[in-house]
Amino acid sequence: MTVSYQLKINGQLMQADVAADTPLLWVLRDTLKLKGTKFGCGMAQCGACTVHLDGKPVRSCVTPISAVKERAITTIEGVADSELGQQLQQAWKILDVPQCGYCQAGQMMSALALLRQFPQPTDAQIASGMKGNLCRCATYHRIKQAIQQVAKRTDKEAS
Ligand code: FES
Ligand code: FES
């Protein structure tokens, strides 16, 4: 049975008429044509589909649309809406982080959530915050450098 959902995505209200058990990933990609969020494993194992619900990273491939409720959804298309997101995009660009690029939307969503929680993360916090995001091209070192670069910049701004 199809249900009509009112969703708050990247600050905009959007409607999706879908079955209650449809994963959020497919609502974003197929129904709403927000294709930046990627499908990798479909089993919460790779992190490619990571989006935020009220600022917290979730795996949209295993999140049924009925579980979203009133929570604000942020996808990679909304990353530039915050200053921190813009800094992250810039660091990704300067350090030329992506290789094939497939995992990078999910990587950035996890990195953004990590930096919100820990503005100056330790190595252990970076490792723990990013461990659920796999990269077949092994860009892990550059991802870590980009996170550290943003942390350094925000540290300077605060001082
Ligand atoms: S596609 Fe969702 S975690 Fe892999
Ligand atoms: S850049 Fe290719 S999978 Fe990560």
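A residue is called buried when its relative accessible area is under 20%. In this predicted model, helix α1 spans residues 24-31, and its buried residues are Leu24, Leu25, Val27, Leu28 and Arg29. The cover over these buried residues includes four strands: β1 (2-9), β2 (12-19), β3 (50-53) and β5 (72-74).

Tryptophan 26 also belongs to helix α1. With a relative accessibility of 28%, tryptophan 26 is classed as partly exposed. Just beyond the helix, lysine 33 adopts a positive phi of about 60°.

## The aromatic pair

The model contains 1 aromatic pair. The pair is formed by tryptophan 26 and phenylalanine 39, whose ring centres are 5.2 Å apart. Their planes meet at 50°, and the pair is therefore tilted, since stacked pairs have planes under 30 degrees apart and edge-to-face pairs over 60.

Phenylalanine 39 is located in the loop between α1 and β3, whereas tryptophan 26 is in α1, so the pair ties together parts that lie 13 residues apart in sequence. The relative accessible area of phenylalanine 39 is 34%, which makes this residue partly exposed.

## Glycine 40 in the loop

Glycine 40 is situated in the loop between α1 and β3. Its relative accessibility of 38% places glycine 40 in the partly exposed class.

When neighbours within four places in sequence are set aside, glycine 40 makes contact with Cys46 and Ala48. Serine 60 is 20 residues away from glycine 40 along the chain, and the C-alpha atoms of these two residues are separated by 11 Å.

## Packing of helices α3 and α4

Two packed helices are described by the angle between their axes and by the distance between those axes. For helix α3 (residues 104-117) and helix α4 (residues 123-130), the angle is about 135° and the axes are 9 Å apart. The two helices are therefore oblique to each other, because an angle must be over 145 degrees to count as roughly antiparallel and must lie from 65 to 115 to count as roughly perpendicular. The crossing of α3 past α4 is right-handed.

On the α3 side, the contact is made by Gln107, Ser110, Ala111 and Leu114; on the α4 side, by Gln125, Ile126, Gly129 and Met130. Sorted by class, the contact of α3 with α4 comprises 4 nonpolar and 4 polar residues, with no charged residues.

Key
Residues are numbered from 1 along each chain as its sequence is written. Chains are lettered from A and ligands numbered from 1 in the order in which they are written. This is a predicted model: local features need pLDDT of at least 70, side-chain atom pairs count only at pLDDT 80 or more; totals for chains, interfaces and linings use all residues. Side-chain values use heavy atoms; hydrogens and water are left out. Buried means under 20% relative accessible area, exposed over 50%, partly exposed in between (1.4 Å probe, protein chains only). Contact means heavy atoms within 4.5 Å. Rings of Phe, Tyr and Trp (its six-membered ring) pair if their centres lie within 6.5 Å; planes under 30 degrees apart count as stacked, over 60 as edge-to-face and the rest as tilted. Axes are lines fitted to C-alpha atoms, for helices over the stretch in contact, and angles run from 0 to 180 degrees between N-to-C directions. Angles under 35 degrees count as roughly parallel, over 145 as roughly antiparallel, 65 to 115 as roughly perpendicular and the rest as oblique. A crossing is left-handed if the near helix is turned anticlockwise from the far one by less than a right angle, and right-handed if clockwise. Ala, Val, Leu, Ile, Met, Phe, Trp, Tyr, Cys and Pro count as nonpolar, Asp, Glu, Lys and Arg as charged, and the others, Gly among them, as polar.
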